[in-house]
Amino acid sequence: SVSLVLNGKEMERKEASVPAGGRTTVEFHGLEAPHGFNRGEVRIDSADTLAADDTFFFAIERAEPSRALFIHEARQPRGLLYFREALEAASNSAFILDALTAAQIGNADLSKYRFVVLSDVVSASHAAEKALKAYLQQGGSVLIAAGPALSTRARIPVTGDEVIASRYSSRTAERFQAVASVDTSHPSLQSVGQLDGVKFYQTVEIAPGDSRVLVRLADQRPLLLEKTMGSGRV
């Protein structure tokens, strides 16, 4: 008999048959834990001589979803659709996504957001960039996606990194670029593998400067960069 206990209260119990010298799996679904930290146990009524392994302790925290902000150009709403669908694909999404156009950044309170996404934004005002830099200085996180619009500019907003060129893989040449290396020591990349099978048809080459290169393409150009600004990361 296997029971799931949360904060001293038995939540569910299941019966399991274990063959001699064998093993079995018992799964509990739909745990409704109160907000905050919770102490849990999984107990078995084994009636054997080794009582020390009859209880497994664990702890979980239930928190409200954090807010994130997606900033895009007014004429490019499709990026929001793709990003929102990806973020909400998890059964228990950790984020609630708000969206603003580039023209609306100046009035936004960025301090309430866990992270901010700039989706190929080229029309951010000086005041908006100043607000984003202040947000980073205070420990915020900003993801900048460089696309066709940013590829025509000299520098990336907020960071000021140099845009070298936009590169398109034509059907008559290499057709597409693939990833050659992934820095899996980075927490956000530990579970993505080597991105095998992912094809990149157009990329924006950015001068790394003092950034850490996390992912490189087959021709050794950087695909994903990270740098520290104040107490934040971009």
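Colleague: Where is Gln220 placed?

Modeller: Gln220 sits in the loop between strand 12 (212–217) and strand 13 (222–226). Strands are DSSP runs of E with at least two residues, helices are runs of H or I with at least four, and both are numbered from the N terminus. The model is predicted: local features need pLDDT of at least 70, side-chain atom pairs count only at pLDDT 80 or more, and totals for chains, interfaces and linings use all residues. Residues are numbered from 1 along each chain as its sequence is written, and side-chain values use heavy atoms, with hydrogens and water left out.

Colleague: Why does Gln220 count as partly exposed?

Modeller: Its relative accessibility is 46%. Buried means under 20% relative accessible area, exposed means over 50%, and partly exposed lies in between (1.4 Å probe, protein chains only). So Gln220 counts as partly exposed.

Colleague: What is the phi of Gln220?

Modeller: Near 75°, a positive value in a residue other than glycine. Most residues other than glycine have a negative phi. Asp120 also has a positive phi, of about 50°, and is not a glycine. Asp120 is in the loop between strand 7 (115–119) and helix 2 (126–137).

Colleague: Is Asp120 buried or exposed?

Modeller: Buried, because its relative accessibility is 6%.

Colleague: What makes Arg221 and Asp219 a salt bridge?

Modeller: The side chains meet at 2.7 Å, N to O. A salt bridge needs a side-chain nitrogen of Lys or Arg within 4 Å of a carboxyl oxygen of Asp or Glu. So the pair qualifies. Arg221 is buried at 9%, whereas Asp219 is partly exposed at 35%.

Colleague: How many salt bridges does the structure hold?

Modeller: It holds 11. One of them joins Asp98 and Arg67, with the closest N and O atoms 2.9 Å apart. That pair links distant parts of the chain: Asp98 is in strand 6 (residues 95–101) and Arg67 in strand 5 (residues 66–72), 31 residues apart.

Colleague: Why is Asp98 called buried?

Modeller: Its relative accessibility is 19%, and the limit for buried is under 20%. Arg67, at 32%, counts as partly exposed.

Colleague: Which residues is Val5 in contact with, leaving aside neighbours within four places in sequence?

Modeller: Glu10, Met11, Arg39, Gly40, Glu41 and Arg43. Contact means heavy atoms within 4.5 Å. Val5 lies in strand 1 (residues 2–6). At a relative accessible area of 2%, Val5 is buried.
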